[in-house]
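Open the model in your viewer and follow the stops below. Each one says what to select and what is there.

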Amino acid sequence: MATTDTSGGAAEEEDDSSCPICLNDMCKSDTLHPIQCPTKCNFNFCIECLCHLLSSSKDDYEMASDGNRHVKVHLNCPNCRADISKTIEDTIRLRQTALAEELSTVPDSELSAKDLQLKHWKQEDEILDLTDGRKKKKKGPEPMLIDKSLFGGLEFAMTVEEQKYVTKLMSSGYPNELCQGAQILAGIADNIRNGRAVAAAATPATTAPNRAAAETARATAALQSGYSNAGLSSRSRDGDMPGVTNFQREMEQQKREKLRRPLPARMPLCVSLSTGEFEKMALQYRQKSGLVDPSMSGEGNEKKPGWKSFLKGMLGTGGTASMTFVDDEWDGSVADAFARAQIGRTGKDNRQTVKGRFGPQNPAEKASVQRIIAMGLHEDDKRDSLTRPIRFQRVLIGSVGGQAGKVGIKKGDVVTHINGEEFVGDAAALHALLVEAYEQQGRDGVFMIVVNAEDCTAEALRLRARVH
């Protein structure tokens with residue numbers, strides 16, 4: 001993965017090329033935005049040391065390696081001891097803004113989790129912790145930093161930092177951050193399909209299939225060495241029934257966790273589809289409009305004989321497009337995230353419509369969902385997201401097939417983002433957008449769709465993250 005270039009910002013004089021505190025290279029943003037010392041002593045140091053100084057000043061004590069507690073660090077210049085408390089945060093923000101601009105042209109798939117945070121950081125956000133874990137841990141229970149149930153089984157190919165970052169995005173409560181998290185997971189999945197991903201050695205726990213494979217390998221080695229009890233299973237005291245394997249215990253734990261902390265019925269998903277997937281949509285549109293595809297026409301406006309037969313051959317008798325869309329309206333509740341729409345056809349025109357919704361059937365899961373919803377109803381703190389406009393009109397997937405169905409899009413999913421931008425419109429507008437993409441790019445274009453990165457799912461995941 002690409003990382004931020006720390007050598008490109010070296011000053012012309014060799015003495016200024018490294019941080020006087022940690023001796024690491026200074027990056028370009030460090031020299032462009034030096035610390036604002038009141039005495040103008042011209043002393044400067046890197047952003048990581050600057051962040052460490054700021055974070056240490058917020059602690060009452062620091063614990064030394066020998067166990068002794070030292071008094072709180074003050075925001076003074078390390079060189080002249082002048083007070084820099086009024087300007088240190090502004091300096092850090094200027095440097096992080098410069099770093100984000102440097103990374104803006106680098107694809108997300110080539111960046112580490114730390115650089116991804118920098119790339120998408122904005123000045124109105126909180127200052128990022130760039131201390132590489134040197135900040136002292138707070139006392140008391142920590143919030144859930146990693147939630148593997150959000151990764152769709154991809155945690156074996158993610159580093160610990162990537163897992164933390166995606167967990168943070170998925171539990172933030174904001175639809176656009178859900179979209180970003182889905183895009184990151186899609187990039188990891190794409191790397192796996194293309195053989196570019198290597199299982200992250202830094203991940204502390206392996207996934208269940210890998211663990212089962214490891215236990216099988218240990219069992220085989222033990223049997224080959226003459227040891228009869230391979231460790232894969234054990235017997236009960238009476239010797240009649242075999243014991244439970246570690247893999248079985250882990251699967252049972254996952255089932256209990258799913259009942260205790262159920263996921264929304266519609267999880268965010270990012271897929272890239274070939275525009276050839278929308279060919280039938282374009283042909284149906286032309287057929288209904290009485291238009292002729294240019295490739296099937298002769299000179300001028302003369303229709304080429306047999307074009308309707310060609311359409312019938314492409315579509316088949318009663319053929320359908322790879323996806324159809326249905327207009328829907330969200331009721332504004334978090335409970336909607338835990339239910340899926342039941343879509344059927346009605347009327348003389350056989351039009352698709354939402355006939356109802358169905359939620360979890362398991363009583364234990366129902367109780368857990370009600371507990372998550374109740375947390376949102378009774379929480380006292382006000383979130384700034386409540387002041388932003390919330391869209392109630394939305395577009396659902398009415399039916400799905402072809403490549404779209406194979407990559408995971410399901411009937412009832414909510415289309416929220418198109419090519420990285422939030423989609424605003426109805427089913428007809430979305431259909432026209434896909435037809436336009438095919439007509440402009442042909443069969444070889446690429447079209448990115450994100451589903452379920454919506455307000456109710458974002459809020460449900462945020463509340464779920466508080467259940468421990």
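Is F43 buried or exposed? At 19% relative accessibility, F43 counts as buried, because buried means under 20% relative accessible area (exposed is over 50%, partly exposed in between; 1.4 Å probe, protein chains only).

Some ground rules. This is a predicted model, where local features need pLDDT of at least 70, side-chain atom pairs count only at pLDDT 80 or more, and totals for chains, interfaces and linings use all residues. Residues are numbered from 1 along each chain as its sequence is written, and side-chain values use heavy atoms, leaving out hydrogens and water.

F43 and F45 form a tilted aromatic pair, 6.0 Å centre to centre with 45° between the planes. Phe, Tyr and Trp rings (for Trp, the six-membered ring) pair if their centres lie within 6.5 Å; planes under 30 degrees apart are stacked, over 60 edge-to-face, the rest tilted.

Next, select F278 and F447. This pair is edge-to-face, at 5.5 Å and 85°. F278 is buried at 0%, and F447 is buried at 3%. F278 sits in the loop between strand 3 (269-274) and helix 9 (279-289), F447 in strand 10 (446-451), so the pair ties together parts 169 residues apart in sequence. Helices (H or I, at least four residues) and strands (E, at least two) are DSSP runs, numbered from the N terminus.

Last stop: R464, in helix 14 (residues 455-464). R464 is buried, at 3% relative accessibility. Its side chain makes a polar contact of 2.7 Å with the side chain of D147. A polar contact is a pair of N or O atoms within 3.5 Å; within protein, one must be able to donate a hydrogen and the other to accept it, and residues adjacent in sequence count only if both atoms are side-chain atoms.
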